[in-house]
Amino acid sequence: MIRLLISLYFVVFISIVLINQSSEVIWQSWGHQAPDELRHAKEVAKTLQTSISNIKQLPNPVKTFHIGDIAWLPEQSATLEAGGIVTTFTEDGHALLTFSVDDSEQLAQLGPFLPAQSQLAKKYLFKLFSFAVLALLLILWLRPLWLDLMQLKRVTGQLAQGHLDISISPSKFSAISSLTSQFHAMANKVASLMSDQKQLVNAVSHELRTPLARLKFALAMLASKDPKEVQAMSQDVQEMELLIDEMLGYARLEIAAETLVYQQFNLTILIESQIDKLQRTYCKDLHVSLMPNVMIVANQHYLARVVQNLLLNACKYGDREIHVSLLENNEQVELIIEDDGQGIKPEDRDKVFSPFVRVDSSRNKASGGVGLGLAIVQKILNWHHGQCEIRSSQLGGALFAIGLPKDATRLKAKGQE
């Protein structure tokens, strides 16, 4: 950072010095190259003043008259008495040069002369050109820096989308070339870790399931010898299998984000199908209020997982009653699922979205789950630029309010810009 500041300081300092010095030289030769007619006339008047002091009758354009013929200002009278030259102007803006002849009260007047042309337009044009040169010099200095920053932006976007083919070509003229090189090394390390995670998930999905299958088969063969012991061991195996399935499912979400497909579908029908599946397993008093034909653009498979997890959560921790409602406005849809259970304390509502967290005593192994259901919900909602808010329900339990944009692809494209 110090190198960047020093480099920028010297570029600006040297540029200003060069522009000031060169502009002064150019202005002196260009702005004042043509003689000033009024100044030239004054020099002529001084010469005439010395050469015609004894001539009383002068031809045109020289006129003579007495100093008292014109009402001079005190400053003008003092200048004439001192032998100076007074400049006056006609109604047309032409200049008249008046001076005394032979230090007497007789005055001679030359003119009229065209006034000197204003140099303001040239002056401001030259200033504009000078600042344009300064801007060009700064652009030349900033270009390598801008290219490196654009590369950093591109690489971070690729990592966010899960693309692991990272390449950066830092410019040796850039003030942040060392930072770019370090970021390149870090990006390659992150890409390597993400690739290793994919391979680990694929390996675990095969390597852990095989011994579990053998163990289940062995327990089935031993069931006749010691039914109680075998039943307890079978429950442990099932719990381990459930844990592995949930962990692998959560890990696969990172990989699934790379190939996420969005399409338009009827959210109302999706929720109704998930409620039908739920009623086959759980006997709860369900109150459903859904707006008909709510169409959204999202990933249908993973939104079904969100609805399924929230409904299962309400069935496990609710007592008897569950309310499900779906609302729609111009840009968003809102899904509300509430139960009549013990609810979630306000200080614990942010924690339940973390993996493997069960904050309430009622949410234990006996009720099933390993604490990944709401973490999966949160991750899928993040893909769709949605949010989940936990509030207290009027039924006495927890209320989950899901907000989703109607078109997730539009927000996704805006976030990648």
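## Burial classes and the chain as a whole

A residue counts as buried under 20% relative accessible area, as exposed over 50%, and as partly exposed in between. H385 has a relative accessibility of 33% and therefore counts as partly exposed. The model described here is a predicted one.

The protein chain has 417 residues, and 36% of them count as buried. Its secondary structure comes to 11 helices and 11 strands. Among the contacts in the chain with a separation of 6 or more, 64% are made by residues 24 or more positions apart. The chain exposes about 25,700 Å², of which carbon and sulfur atoms supply 57%.

## The five-stranded sheet

An open sheet is formed by five strands in the order β6-β8-β9-β11-β10, with mixed pairing. At its edges are β6 (285-290) and β10 (387-392), each of which pairs on one side only. On average, and with direction ignored, neighbouring strands of this sheet are turned by 15° against each other.

Within the sheet, strand β8 (residues 321-328) and strand β9 (residues 332-339) run antiparallel and are joined by seven bridges. I322 stands opposite D339 in β9.

## Helices on the sheet

Helix α8 (residues 267-281) lies across β6, β8 and β9, and runs at about 175° to β6. Helix α9 (residues 300-317) also packs on the sheet, where it touches β8, β9 and β11 (398-405). The direction of α9 makes about 20° with that of β9.

T268 belongs to helix α8. With a relative accessibility of 4%, T268 falls under the 20% limit and so counts as buried. Leaving aside residues up to four places away in sequence, T268 touches L290, M291, P292, N293, V294 and L326.

## Loop residues

One of the residues touched by T268 is N293, which is found in the loop between β6 and β7 (295-298). N293 is not a glycine, yet its phi is positive, at about 55°. Because its relative accessibility is 56%, N293 counts as exposed.

H385 also has a positive phi, near 60°, and is a residue other than glycine. It lies in the loop between α10 (373-383) and β10.

A further loop, between β1 (63-66) and α3 (74-81), contains D69. D69 counts as exposed, since its relative accessibility is 56%. D69 and Q106 are 37 residues apart in sequence, and their C-alpha atoms are 10.0 Å apart in space.

## Salt bridges

Side chains of opposite charge can pair when their charged atoms come close. With a cut-off of 4 Å between nitrogen and carboxyl oxygen, the count comes to three salt bridges.

The side chains of K406 and E328 meet in one of them, at 2.7 Å from N to O. This pair links distant parts of the chain, 78 residues apart: K406 is in the loop between β11 and α11 (408-416), and E328 is in strand β8. K406 is partly exposed, with a relative accessible area of 21%, and E328 counts as partly exposed at 31% relative accessibility.

D348 forms a salt bridge with K351, in which the closest N and O atoms are 3.6 Å apart. The two partners fall into separate burial classes: D348 counts as buried at 12% relative accessibility, whereas K351 counts as partly exposed at 44%.

E389 and R391 meet through their side chains in a salt bridge of 3.1 Å, N to O. E389 is partly exposed, with a relative accessible area of 43%, and R391 counts as partly exposed at 30% relative accessibility.

## A nonpolar surface patch

F10, F13, I14, V17 and L18 make a nonpolar surface patch of about 470 Å². Among these residues, F10 has its place in helix α1 (residues 2-30). The relative accessible area of F10 is 45%, which means that it is partly exposed.

Technical notes: Residues numbered from 1 in each chain as written. Predicted model: local features only at pLDDT ≥ 70, side-chain atom pairs only at ≥ 80, totals over all residues. Heavy atoms only, no water. Pairing = 2+ DSSP bridges. Helix = DSSP H or I, 4+ residues; strand = E, 2+ residues; numbered from the N terminus. Axes fitted to C-alpha atoms, helices over the stretch in contact; angles between N-to-C directions. Contact = heavy atoms within 4.5 Å. Patch = residues over 30% accessible without salt bridge, like charges linked within 9 Å, V, L, I, M, F, W, Y side chains within 5 Å. Areas by Shrake-Rupley, 256 points an atom, 1.4 Å probe, with all protein chains shown as cover. Buried < 20%, exposed > 50% of the residue type's maximum accessible area, 1.4 Å probe, protein only.
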